[in-house]
Amino acid sequence: MRARTPFDRATVRLSVLIPVYNERDTIDLIVEQVRETPIAKEIICVDDCSSDGTSQILETLLAQGKIDQLYRQPVNAGKGAAIRKAMTMATGDIVIVQDADLEYDPADWPLLLEPILDGRADASFGSRFLGGPHRVLYFWHSVGNRLLTMYSNMLTNLNLTDMETCYKAMRGELAHALAPKMTADRFGFEPEITARLAKLDARIFEVPISYSGRTYAEGKKIGWKDGVAAFWHITKFNLFP
């Protein structure tokens, strides 16, 4: 067992990484929810070349001081590329990924961050399958998520229940070390970061979170092609250098 490496709770600072693509109806709401969380933080938004007016809203939020850093991708490069860029901009002691679509609730952060704050974990994943309240939606999506998690676990030798979760938090120095190595541009970020953490023998904890999933009519973007691609990403990042 490794010795605990706790943070000073009085001075710890969080970097919130928000990848954004065409979220004009929710971006200001999620920023407000993030700002209301009782922890010192910086908010970093990476706009993945939005075309629906989101970019202008982000510029306003920056001018109002409601977000701390804003980077606009020159072309639409995908969620993974946006998070990777945000990781390089982060200056906090801990980093956390926060989607902009209101599916994940910052009210779950205290439970998610606790294993890192008290020094037991290098990274903490929020699981949608450990009993937290969740919106009832697509059966086959849940089956796909469980299959991807099982396949990932077979190759990483971890016992996660939700590898595909957005809520992944980690120590800042770990994020900085991993950022230059990351290559997945779209939703392959999730299996890639999981594989790289496993290869580093990082101490990973998993906690239950709530989940308010969206329908496709409400703007959900991930599809079956991303699920198929995820199997390749899991194979690639675990079995190849």
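Student: Which residue does glutamate 32 form a salt bridge with, and how far apart are the closest N and O atoms?

Tutor: In this predicted model, glutamate 32 pairs with arginine 35, and their closest N and O atoms are 3.9 Å apart.

Student: Where do glutamate 32 and arginine 35 lie?

Tutor: Both lie in helix α1, which covers residues 27-36. They are 3 residues apart, about one turn of the helix.

Student: What about lysine 66, which side chain does it meet in a salt bridge?

Tutor: Lysine 66 meets glutamate 32, at 3.5 Å from N to O. This pair links distant parts of the chain: glutamate 32 sits in helix α1, while lysine 66 is in the loop between α2 (54-63) and β3 (69-72), 34 residues apart. Lysine 66 is partly exposed, with a relative accessible area of 26%.

Student: New topic: which residue does aspartate 47 form a salt bridge with?

Tutor: Aspartate 47 bridges to arginine 72, with 3.8 Å between the closest N and O atoms. Here too, distant parts of the chain are linked: aspartate 47 is in strand β2 (residues 41-47) and arginine 72 is in strand β3, 25 residues apart.

Student: Is aspartate 47 buried or exposed?

Tutor: Buried, because its relative accessibility is 1% and the cut-off for buried is under 20%.

Student: How many salt bridges does a search of the whole structure find?

Tutor: The search finds 18. Some join up: Arg2, Asp122, Asp201 and Arg203 are linked in a network of salt bridges.

Student: Last one, where is glutamate 192 found?

Tutor: Glutamate 192 is in helix α7, residues 189-199. With a relative accessible area of 0%, glutamate 192 is buried.

Student: Which residues does glutamate 192 touch?

Tutor: Leaving out residues up to four places away in sequence, glutamate 192 touches Lys181, Met182, Thr183, Ala184 and Phe237. With alanine 184, the side chain of glutamate 192 reaches the backbone nitrogen at 2.8 Å.

Student: And what separates the C-alpha atoms of glutamate 192 and isoleucine 116?

Tutor: Those C-alpha atoms are separated by 21 Å, and the two residues are 76 residues apart along the chain.

How values were computed
Residues numbered from 1 in each chain as written. Predicted model: local features only at pLDDT ≥ 70, side-chain atom pairs only at ≥ 80, totals over all residues. Heavy atoms only, no water. Salt bridge = Lys/Arg side-chain N within 4 Å of Asp/Glu carboxyl O. Helix = DSSP H or I, 4+ residues; strand = E, 2+ residues; numbered from the N terminus. Buried < 20%, exposed > 50% of the residue type's maximum accessible area, 1.4 Å probe, protein only. Contact = heavy atoms within 4.5 Å. Polar contact = N/O pair within 3.5 Å; in protein donor to acceptor, adjacent residues only side chain to side chain.
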